[in-house]
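Good morning, and thank you for coming. Please look at the sequence and the model on the screen while I go through them.

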Amino acid sequence: MTTLPPPPTLATVYVTLIAIAALWGAAVGLLVPRAGFRLSVEPDEAWRDACPAGHRFTGPAHGWLGGARCASCAVGVMAAAPGGADEARDGRVPGLLASPVAALACAALAAATGPRPELAVWLLLAPVAVLLAMVDIRVHRLPDQLTLPLAAASVSLLGLAELLPAEAGSWRTALLGALALGGAYFVLFLINPSGMGFGDVKLALSLGAVLGWYGWEILFVGALAGFLLGAVYGLTMVLLRRAGRKTAIPFGPFMITGALAGLLLGAAAV
């Protein structure tokens, strides 16, 4: 008589899930620096289609996916970006951090969410959020080509997740959360357009959807965390005399980090 192996314990399932999520984050994080470099341009400039040496990008997705290194001349495109040593440092650091940051975020999301269907949504959206943060850090810009599809994908994917068993959120609240947070940021943009970019307004749509999935309390916590993180960073820069009271800062990374904190709290609480 054949003895069947015992079923995996819940702890084993969680550990395996976290490991897979971390590997996913690390893998996709290696693919976003190329897109980060190509998208890091001023609003009136075309996307970069070649490395600083002039070699056109080739490879997956017509050269949009890959590391921050040109295959033809083996030059790190972030480090060799025009603009001198300061721009080289600013560009290289986000590119190098993309993979570990994405791995850490995905692992944390897996640990908090567990084997629920919305985890697949979080893991699909996380690399785009990392890419947006990279671009905003470099050029203080959140491109429509990323923010608008991200908003549509957030609402659509959460709608599919609600149809699956064991989900722990509400698509209706997610939709309303997108409208509420996007509307709140739009009001702030109208009040102070020099202090709030319209890209932040569009990013708020997707962040409102993912936070609203777990309820209005989580939406409030995640949104407030983003403002607090941005305020602490701005105040620290002023105290260190590295910025003035009117110096613009990239707010997208703080919005995303605050939303991640709220999402982890909401996922662990249900």
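I begin with His140, which is partly exposed because its relative accessible area is 43%. On the scale used here, buried means under 20% relative accessible area, exposed means over 50%, and partly exposed lies in between, with a 1.4 Å probe and protein chains only. His140 sits in the loop between α5 and α6, and its phi is near 55 degrees, a positive value in a residue other than glycine. Most residues other than glycine have a negative phi.

A word on sources. This is a predicted model, in which local features need pLDDT of at least 70 and side-chain atom pairs count only at pLDDT 80 or more, while totals for chains, interfaces and linings use all residues. Residues are numbered from 1 along each chain as its sequence is written, and side-chain values use heavy atoms, with hydrogens and water left out.

His62 lies in helix α3, residues 60–63, and counts as exposed because its relative accessibility is 73%.

Let me turn to the chain as a whole. It holds 10 helices and zero strands; helices (H or I, at least four residues) and strands (E, at least two) are DSSP runs, numbered from the N terminus. Of the 270 residues in the chain, 44% are buried. Among contacts between residues at least 6 apart in sequence, 72% join residues at least 24 apart, where contact means heavy atoms within 4.5 Å.

Which residues have the most contacts inside the largest nonpolar core? They are Trp122, Tyr185 and Leu203, in a core of 51 residues. A nonpolar core is here a set of buried Ala, Val, Leu, Ile, Met, Phe, Trp, Tyr and Cys residues joined through side-chain atoms within 4.5 Å. Elements giving two or more residues to this core include α2 (32–39), α4 (85–113), α6 (144–162) and α7 (171–191). The largest share, 14 residues, comes from α5. As for Tyr185, leaving aside neighbours within four places in sequence, its contacts are Met196, Asp200, Val201, Ala204, Phe227, Phe251 and Met255.

Next, how the helices pack. Axes are lines fitted to C-alpha atoms, for helices over the stretch in contact, and angles run from 0 to 180 degrees between N-to-C directions. Angles under 35 degrees count as roughly parallel, over 145 as roughly antiparallel, 65 to 115 as roughly perpendicular, and the rest as oblique.

Helix α8 (residues 198–212) packs against helix α9 (residues 216–239) at about 135 degrees, with the axes 8 Å apart, and the two are therefore oblique to each other. The crossing of α8 past α9 is right-handed; a crossing is right-handed if the near helix is turned clockwise from the far one by less than a right angle, and left-handed if anticlockwise. On the α8 side the contact uses Gly208, Leu211 and Gly212, and these meet Ile218, Leu219, Gly222 and Ala223 in α9. By class, this contact of α8 with α9 has four nonpolar, three polar and no charged residues. Here Ala, Val, Leu, Ile, Met, Phe, Trp, Tyr, Cys and Pro count as nonpolar, Asp, Glu, Lys and Arg as charged, and the others, Gly among them, as polar.

Helix α8 also packs with α10, at about 5 degrees and with axes 10 Å apart, so this pair is roughly parallel. Residues of α8 in this contact include Asp200, Leu203 and Ala204, and those of α10 include Gly252, Met255 and Ile256. The contact of α8 with α10 divides into nine nonpolar, two polar and one charged.

Ser206 is a further residue of α8, and it counts as buried because its relative accessibility is 2%. Apart from neighbours within four places in sequence, Ser206 is in contact with Leu150, Ala151 and Ser154.

Leu17, Ala21, Trp24 and Val28 of α1 make the contact with Leu119, Leu123, Leu124 and Pro127 of α5. That contact has eight nonpolar, no polar and no charged residues.

Finally, is Ala110 buried or exposed? It counts as buried, because its relative accessibility is 0%. Ala110 is placed in helix α4. Not counting residues up to four places away in sequence, Ala110 touches Tyr14, Leu17, Ile18, Ala21 and Leu119.
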